[in-house]
Amino acid sequence: LQGEHGGALRLASLAGLPEGFRSAHLSMPRHWLRQACERGDRRPVVVDKSALSQSPDADLYADSGVLALACAPLLRDGTLEGALGVFAVGAKSAFDDDELSLLEAIADHAAQAVSNARLFERLKARNRELEALRSLGEALRGATSAEEVAVVVRVHAREAVRADAAGVGLLDSSGEAIVGYADGFLAQNTGRVFRVSGGLTPSVLGANRPFVTEDLAAEPQLK
């Protein structure tokens with residue numbers, strides 16, 4: 001399946017082939033799919049044994065006994081949703097026109113179903129967001145101090161994004177330091193004072209949006 005924001009195809013389901021296919025990075029199907037999309041139609045791309053033997057994944061296909069494959073793009077309103085691939089192994093070495101027409105029809109139905117499922121997932125996610133905001137609003141009405149607000153926001157933020165821990169920092173009266181309120185594995189930072197001018201604080205305050213880091217220990221501000 002294609003990610004919603006593009007990028008590599010992810011193998012979502014596999015049957016009839018060794019498990020090695022599930023973990024392998026298959027480069028050529030992406031190339032063949034690109035050819036199909038450039039044609040602007042839904043016809044399956046057929047790859048015979050000769051073409052397979054020249055692909056970067058030739059050893060994987062050979063070890064699995066694949067003699068040919070047909071790959072149909074899952075296209076919905078011009079958007080690539082994924083791909084449907086079938087493989088000829090053993091006695092079967094090719095696909096006839098009737099089989100390819102059927103594969104194209106199956107891929108067309110699959111593309112519509114995947115598109116509809118993703119729309120439903122987006123609606124569910126949006127409903128979760130609205131419910132999280134409604135619940136947060138109700139909880140904040142009962143908070144009577146900045147510290148209570150910090151606790152409410154911390155708890156709801158952690159639950160909303162399914163995080164392992166959450167923390168809220170509040171500027172002190174001087175405006176030069178931040179007092180932390182945290183839970184989970186960050187709980188020891190509750191009451192800790194962070195200088196506004198030190199560490200990641202300038203980056204966080206200056207971003208005007210969520211600051212994201214994939215490796216906190218690698219951030220140069222912390223070295």
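Student: In which order do the strands β4, β5 and β6 form an open sheet?

Tutor: Some conventions come first. This is a predicted model, in which local features need pLDDT of at least 70 and side-chain atom pairs count only at pLDDT 80 or more, while totals for chains, interfaces and linings use all residues. Residues are numbered from 1 along each chain as its sequence is written, and side-chain values use heavy atoms, with hydrogens and water left out. Helices (H or I, at least four residues) and strands (E, at least two) are DSSP runs numbered from the N terminus, and two strands pair if DSSP finds at least two bridges between them. Here the three strands form an open sheet in the order β4-β5-β6, with antiparallel pairing. Strands β4 and β6 stand at the edges with a single partner strand each, so one side of each has no neighbour in the sheet. From one strand to the next, the twist averages 35 degrees; for such angles, axes are lines fitted to C-alpha atoms, for helices over the stretch in contact, and the angles run from 0 to 180 degrees between N-to-C directions.

Student: How many bridges join β4 and β5, and which residues face one another?

Tutor: In general, the side chains of a regular strand alternate between the two faces of the sheet. In this structure, β4 and β5 pair in the antiparallel sense over five bridges. Val168 has Tyr181 in β5 as its bridge partner, and Leu170 stands opposite Val179 in β5. Five residues lie between the strands of this hairpin, where Gly175 takes a positive phi near 75 degrees. On the β6 side, three bridges join β5 to β6 in antiparallel fashion, and Ile178 stands opposite Phe194 in β6.

Student: Which helix lies across β4 and β5?

Tutor: That is helix α6 (residues 146-160), which runs at about 155 degrees to β4.

Student: Why is β5 described as largely enclosed?

Tutor: A residue is called buried under 20% relative accessible area, exposed over 50%, and partly exposed in between, using a 1.4 Å probe and protein chains only. Five of the six residues of β5 are buried, so the rest of the structure largely encloses this strand.

Student: What is the volume of the largest pocket, and which residues lie nearest its centre?

Tutor: Rolling a probe the size of a water molecule over the atoms shows where empty space is left. On a 1 Å grid over the protein atoms alone, a pocket is an open set of points with protein on both sides within 12 Å along at least five of seven lines, whereas a cavity is a set where a 1.4 Å probe fits but cannot get out; lining residues have an atom within 4 Å of a point. Grid points are joined across faces, edges and corners, and a volume is the space filled by probe spheres set on the points. The largest pocket has a volume of about 1300 Å³. Its lining comprises 27 residues, with Gly167, Val168, Leu186, Leu200 and Val204 nearest the centre. Strand β5 gives the most to this lining, with four residues.

Student: How many bridges join β2 to β3?

Tutor: Strand β2 (residues 66-76) is joined to β3 by 10 bridges, and the two run antiparallel. Leu75 has Leu80 in β3 as its bridge partner, while Leu69 stands opposite Phe87 in β3. In their hairpin, with two residues between the strands, Asp77 takes a positive phi near 55 degrees. Nine of the 11 residues of β2 are buried, so this strand is largely enclosed by the rest of the structure.

Conventions: Contact = heavy atoms within 4.5 Å.
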